[in-house]
Amino acid sequence: MATAGTVPSLWTLAAEPLEAPKIEYGQLSPVIIVLGVAVLGILLEAFLPRRVRYGAQLVVTALGLVSAFAAVLGLAVTGHATTKRAVVGMGALAVDGPTLFLQGTILLVGLVSVFVFAERRLEPKSQTAHVDSFAAQPAAVPGGEGEREANAAGWTTTEVYPLLLFAVGGMLLFPAANDLLTLFIALEVFSLPLYLLCALARRRRLLSQESAVKYFLLGAFSSAFLLFGAALIYGYAGTFAYSGIARVIGNADRQTTAVLAETAGSDALLLIGGALVVMGLLFKVGAVPFHMWTPDVYQGAPTPVTGFMAAATKVAAFGALLRLLYVALEGLRWDWRPVMWGVAIVTMIAGAVIAITQTDVKRLLAYSSIAHAGFLLAGVIATEGRGVSSVLFYLGAYSFVTLGAFAVITLVRDAGGEATHLSKWAGLGRRSPLLATAFSVFLLAFAGIPATSGFIGKFAVFAAAAEGGATPLVVVGVIASAIAAFFYIRVMVLMFFSEPKADGPTVAVPSVWTTSAIAIGVVVTLVLGVFPQYFLDLASQAGVFVR
């Protein structure tokens, strides 16, 4: 029986003074603002009359995202990205260059996504009001009496704005997470709203709900892998903190307790745990073989949600992957780097080759995003400072191209809603030359054609990979890019050199919201392609992690 001197009792623990946690609210202000505005949005849904919710939610959401972005800029200007970078929140979060760069990108992506969410001129007007792309009453049975009555009444689901804010809040935490528990919590905070948003399409509701169920089930599996991997790593290192894990891997801080004395030297726990955590993150970035959810979810989700998810999720997930590999598992570089080689090669080739067979434009862009995940992994594999900065620039450029492309897709419509089958895009360049030109700019950026942001991004990650000794990977990447260019150019040929069908789709006239989203995407794509140096330097300055 243990004595009172060796085992602390509840009385001795209670006698010890408790210290309040030290929270750096200023450095965490972007996350606090977004989550606070999300809670405010829930209250607006509860207490405002239905007729004024749309305007109130739109204004509050936009102001919240702008305020959070201003907070990110303030932190960057005052040196928190460089000289004042630090671990905050009692060691749970890191505020440094990569965190602020990625948070700024996510906030801008969220703001442009709000513009596409707010579009109300594309769907036929109900008897009383304009409606958006989201289900009038998500709880109603698809095709049932409740849905018909809600559609006739002109109801809209303005809860999508708080859901978007909660997702953005989780994404802001994800690349900043500096321990495995915070990583898991951030993953769930932004994943759960996305599962709901994917099920809210006004048209093709059954397909939308199917995509949400698939995303939820596979996402739950990936979360379980990540959590189990975190438990194994804790068994190895005795801590969830990235810095503590790195010290134990480097033999600088071996635990001395009787239990950990045996497990701290067990590389099996570390290797299996690290593999499981990385698997959970690769699922979010859509890398092969964890990509199966991507085409179905992209196709079934409401297109505004697809654009937001395709852009912002990839930014957040790659930020978290970079921090995990470069900070916590840096001592395992020679173990995880060969695995990442294989994942990157298979992802690039599979994404590019399978995209050729697609006949739906949303599924085509889904496989395109898979190929781009492979290109980004080439920058991750570089394991140099230039690798981090190249991935940061690529993520910023890719996100706006993706948002613009999906915003264009919302405008091509027929009697059934969005006309996403490629055959219906024949002759689009003659029906709407301006829209087809904008979409072509995005396709050229995806293909990596010079004078677009896609070319600069690919050149940056491939140069970093070659500098890091991964020249064969660069060769595979160039081949995959050439394959991918085929189906991008095929769509352009279909739009400009095919005769439009008499019963083909029409191009809806959007409001200023969608027009602004497309225009921002085109401008960013061209500016980053023609004048990239300032933004490359910015990414380079932001490419150092706090440890």
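This is a predicted model: local features need pLDDT of at least 70, side-chain atom pairs count only at pLDDT 80 or more; totals for chains, interfaces and linings use all residues.

Me: Why is methionine 90 called exposed?

Reply: Exposed stands for a relative accessible area over 50%. Methionine 90 has a relative accessibility of 62%, so methionine 90 counts as exposed. Methionine 90 sits in the loop between β1 (86–88) and β2 (93–95), and has a positive phi of about 60° although it is not a glycine.

Me: What makes arginine 204 partly exposed?

Reply: Arginine 204 has 44% relative accessibility, so the label is partly exposed. Arginine 204 also has a positive phi, of about 50°, although it is not a glycine. Its place is the loop between α7 (180–197) and α8 (205–237).

Me: And why does alanine 86 count as partly exposed?

Reply: The buried label needs a value under 20% and the exposed label one over 50%. Alanine 86 has a relative accessible area of 24%, so alanine 86 is partly exposed. You will find alanine 86 in strand β1. The C-alpha atom of alanine 86 is separated by 8.2 Å from that of arginine 547, although the two are 461 residues apart along the chain.

Me: Which residues form the nonpolar patch on the surface, and what makes them a patch?

Reply: They are Val39, Leu40, Leu43 and Phe47, with about 410 Å² of accessible area together. A patch takes residues with over 30% relative accessible area, and nonpolar side chains are joined within 5 Å. Phenylalanine 47 shows the area step well: its relative accessibility is 69%, so phenylalanine 47 counts as exposed. Phenylalanine 47 belongs to helix α2 (residues 29–47).

Me: What is the order of the strands in the open sheet, and which are its edge strands?

Reply: The open sheet has 3 strands in the order β4-β3-β5, with antiparallel pairing. The edge strands are β4 (417–418) and β5 (506–507), each of which pairs on one side only.

Me: What makes a space a cavity, and how many are found?

Reply: A cavity is a space where a 1.4 Å probe fits but cannot get out. The search of the whole structure finds 5 cavities of 30 Å³ or more. About 190 Å³ of space lies in the largest cavity. This cavity is lined by 18 residues, and the closest to its centre are Ala201, Arg203, Pro302, Thr303 and Glu418. At least two lining residues come from each of α12 (293–300), α13 (303–328) and β4.

Me: What is the volume of the largest pocket, and which residues are closest to its centre?

Reply: The largest pocket has a volume of about 670 Å³. Its lining has 25 residues, and the closest to its centre are Phe69, Phe101, Thr105, Phe535 and Leu538. Helix α4 gives the most to this lining, with 6 residues.

Me: Which peptide bond is cis?

Reply: The bond from valine 288 to proline 289 is cis, with omega near 5°. Proline 289 lies in the loop between α11 (267–285) and α12.

Note on methods. Residues are numbered from 1 along each chain as its sequence is written. Side-chain values use heavy atoms; hydrogens and water are left out. Patches are made of residues with over 30% relative accessible area and no salt bridge: like charges are joined within 9 Å, nonpolar side chains (Val, Leu, Ile, Met, Phe, Trp, Tyr) within 5 Å. Accessible areas come from the Shrake-Rupley method with a 1.4 Å probe; for residues, only the protein chains shown count as cover. A salt bridge is a side-chain nitrogen of Lys or Arg within 4 Å of a carboxyl oxygen of Asp or Glu. Helices (H or I, at least four residues) and strands (E, at least two) are DSSP runs, numbered from the N terminus. Buried means under 20% relative accessible area, exposed over 50%, partly exposed in between (1.4 Å probe, protein chains only). Two strands pair if DSSP finds at least two bridges between them. On a 1 Å grid over the protein atoms alone, a cavity is a set of points where a 1.4 Å probe fits but cannot get out, and a pocket is an open set with protein on both sides within 12 Å along at least five of seven lines; lining residues have an atom within 4 Å of a point. Grid points are joined across faces, edges and corners, and a volume is the space filled by probe spheres set on the points.
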